[in-house]
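Okay everyone, let's take a look at this one together.

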Amino acid sequence: MAPRRPAELYRAPFPLYTVRLHPRRPLAITAGGGGAAKTGIRNGVHFLQLEQIGGQLSASLLHCHDTETRATMTMALAGDVIAAGQDNSCHILRFSLQEPEAPGAAGKDGSGDKGPRRRRGGGGGGAQGAQGRAREVRVESLQRVRTDFSPDALQKAVRFSADGALLATGGADGFLRLWEFPSMKKTLEFRAHDGEIEDIALGPDNKVVTAGRDFQCCVWQQDQLVTGLRWHENLPGIPDKAYRYQACRFGAVEGSAGALRLYTVQVPHKRERRPPPCYLTKWDGKSFLPLLTRPCGSEVVSCLSISDSGTFLGLGTVTGSVAIHIAFSLQRLYYVKEAHGIVVTDVAFVPESRPGRELLGGHEAALLSVAVDSRCKLHLLPTRRSLPVWLLLLLCAGLIVATILLLQLAFPGFL
């Protein structure tokens, strides 16, 4: 059965480049911009409240934070702190959710969110939500540090460590920079790639994985190279520089506490009339040996996300399509061609915390995608049907008994 077309949760007044979901709140944060200084299109970070209304997931705009002339191209979230990659710098923001004022008190000073609160999605209800009153978001700018020093500077990747004590940045100049957080004291800086850094993943034992446009994906311990990944060493016939690494992410291993897998996406370096497939590779999180590689379609992959439990992988493509794969086998479970019609810039799964599960509404997973078309869309993965364990055991027992009876009929005296 073909998947339902994704619902449009929200449409921003500018191109969207990144989306993150709060792990403990029903809150999505989208960001982007259109280069206000040159185009006049505003730049900003938008906070969306997610809620189930009438059995459908809906999004309401809570707050628009103006980033002036700086478009946010990438973003990391650690609790209530945002690290936003903007041009050549990383801007640190802290936000807080304030309970609304008592009825009759709002609007006296004209303060609050910019613009009316709007809801998108299939849900009904008024614009103030189930309680009749909207929460307020307060955003505080903590500091800004320069993180890229190339002539055409652009910070392309930013990641927090799992404990939020370390921030890693990389961009157009090929340097990996590590920062203590929240002091933003630089602790490490070295050239990791000859060219742009596409993605960064922070792993166990203080290891950092970087994917660059120089065909390399490297594992680092401080500034020492631990190993370079070779995804195609067991795939004869693929030249060394036919593919480059586009994305890298660590994910949990379902049912194995503390274990991690690394996932990478490889895309063709050159466009061809008959486009070759892109590939997904799963790696052991300690030895960094490849465990499984599978093609994931001929559309060039632009972004990768992994669900909290490590069960699902979300992919977006440069042609606007969105897919969900199961991590165990890398098999595709969900696919919508040209869900956006233009490059998908980021995807993110709804968290599997209690607030996140309440948003799923009986679905197994939900993925948000954003694109240059200014839209944030919702992709729902229906719960897969499975037989109860007791029924499987009963069927196995019945099969064994039937086999014995058939053997007894065919060979009298078998028992």
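So, keep in mind that this is a predicted model. Let's begin with the strands around the largest pocket: β2 (16-21), β6 (72-78), β11 (155-160), β15 (197-202), β16 (207-212), β19 (243-253), β23 (301-306) and β27 (344-349) each give at least two residues to its lining. That pocket has a volume of about 1400 Å³. It is lined by 43 residues, and the ones closest to the centre are Leu 77, Arg 159, Phe 160, Ala 162 and Phe 250. Sorted by class, that lining has 26 nonpolar, ten polar and seven charged residues.

Next, the second largest pocket, at about 640 Å³. Here we have 32 lining residues, with Lys 156, Glu 198, Gln 246, Ser 302 and Thr 345 nearest the centre. The class count for this lining is 14 nonpolar, seven polar and eleven charged.

Now the rings. How many aromatic pairs does the count come to? Seven. Take Phe 160 and Phe 181: they pair edge-to-face, 5.1 Å centre to centre, with 80 degrees between the planes. Phe 160 is in strand β11 and Phe 181 in the loop between β13 (175-180) and β14 (186-191), so this pair ties together parts 21 residues apart in sequence. And are they buried or exposed? Both Phe 160 and Phe 181 are buried.

There's also an aromatic cluster made of Trp 231, Tyr 243 and Tyr 279. Of these, Trp 231 and Tyr 279 are both buried.

Definitions and conventions:
Residues are numbered from 1 along each chain as its sequence is written. This is a predicted model: local features need pLDDT of at least 70, side-chain atom pairs count only at pLDDT 80 or more; totals for chains, interfaces and linings use all residues. Side-chain values use heavy atoms; hydrogens and water are left out. On a 1 Å grid over the protein atoms alone, a cavity is a set of points where a 1.4 Å probe fits but cannot get out, and a pocket is an open set with protein on both sides within 12 Å along at least five of seven lines; lining residues have an atom within 4 Å of a point. Grid points are joined across faces, edges and corners, and a volume is the space filled by probe spheres set on the points. Helices (H or I, at least four residues) and strands (E, at least two) are DSSP runs, numbered from the N terminus. Ala, Val, Leu, Ile, Met, Phe, Trp, Tyr, Cys and Pro count as nonpolar, Asp, Glu, Lys and Arg as charged, and the others, Gly among them, as polar. Rings of Phe, Tyr and Trp (its six-membered ring) pair if their centres lie within 6.5 Å; planes under 30 degrees apart count as stacked, over 60 as edge-to-face and the rest as tilted. Buried means under 20% relative accessible area, exposed over 50%, partly exposed in between (1.4 Å probe, protein chains only).
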